[in-house]
Amino acid sequence: MTRTGLMAMVCGVVAAALPLAGPASADATDDYPIPHRIIITTCDAEQYLQAARDTSPVYYQRYMIDRNNRPLDVQQQAEDRIHWFFSLDPIARRQYSENTATNVYYENVATHWGNWAKIFFNNKGVVAKATDVCMNYPKGNMQVWDFASNS
Amino acid sequence: MARHHLAARALAAASIGFLVAIGNSSIAQADPDTDFANQLHTYGIYGPKDYNAWLGKIACQRMSNNIDRDAYQSAKFVATNLARQNTTEQNWQFLGAAIDFYCPDNHATLEAVAHAGGHA
């Protein structure tokens, strides 16, 4: 192959690849930042939390210890916010996922406590194990938020 | 000469003091999590030491808080959170060791199952 031919080929490859690069996308996906199983689960927050307590106990402990180190009003905000999230249908949850992925300031609770929903959103393995069995727990069991009696 | 003797005695006394200090440091107790891990190894249960220790302590807390109301529920909790290839016997051994190391007050919970002659 001549040098000219080689150059033409390289230019062609580069030209073909450039349009694919594009700007990085910050959109949400079906699993990020909120796992799909949390979006479609019919469990409530307390059912999910009870299941996570039993299926990912160390992760649950870390979350609850972190929570206990927050001011009471922030703890309450996080609890209210996750109740609000679980009250949404899957389409609205997916939209919320999109909103939080594209706007870092969208979630106000996160400005007070960055990991406020860690046990609910951040780990697909934890979510998978808990959503597999959460329907077997009582709904609305608020006692699960009391770490001292639930560790 | 006398000064030399005094210096030698002082040096000897300092050396003894130093050796005693070293001796005392060597008899410091191993931490219970290490002892727990070593006990688990005799059962063929391995895995991260910190995780196993934390799981053992959580199993104890759950018994104290009545989340697990009997030893069967505790054993189920342990089995759920240990390696799947563990045998039922190993899960019970883990629970027994956790009680020994972290909450001996809960021995009665295990004994109740033993007296009932039950199996998980």
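Q: In chain A, what share of the contacts with a separation of 6 or more comes from residues 24 or more positions apart?
A: This is a predicted model, and a contact here takes C-beta atoms within 7 Å. Take the contacts in chain A with a separation of 6 or more: the part from residues 24 or more positions apart is 83%.

Q: How many helices and how many strands does chain A have?
A: Going from the N terminus, the elements read α-α-α-α-α-α-α-α-α. That puts the secondary structure of chain A at nine helices and zero strands.

Q: Is A:Ile39 buried or exposed?
A: A:Ile39 sits in helix 2 (residues 36-40) of chain A. Leaving out residues up to four places away in sequence, its contacts include A:Pro90, A:Arg93 and A:Ser97. The cut-off for burial is 20 or more other C-beta atoms within 10 Å. Because A:Ile39 has 20 C-beta neighbours inside 10 Å, it counts as buried.

Q: How far apart in space are A:Ile39 and A:Phe121, C-alpha to C-alpha?
A: In sequence, 82 residues separate A:Ile39 and A:Phe121. In space, their C-alpha to C-alpha distance is 9.6 Å.

Q: Which helix gives the largest share of the side of chain A that touches chain B?
A: The contact draws on eight residues from chain A and 10 residues from chain B. On the chain A side, helix 3 (45-55) and helix 4 (57-68) each supply at least two residues. The largest share, three residues, comes from helix 4 of chain A.

Notes
Residues numbered from 1 in each chain as written. Chains lettered and ligands numbered in written order. Predicted model: local features only at pLDDT ≥ 70, side-chain atom pairs only at ≥ 80, totals over all residues. Contact = placed C-beta atoms within 7 Å. Helix = DSSP H or I, 4+ residues; strand = E, 2+ residues; numbered from the N terminus. Buried ≥ 20, exposed ≤ 12 C-beta atoms within 10 Å, placed from the backbone.
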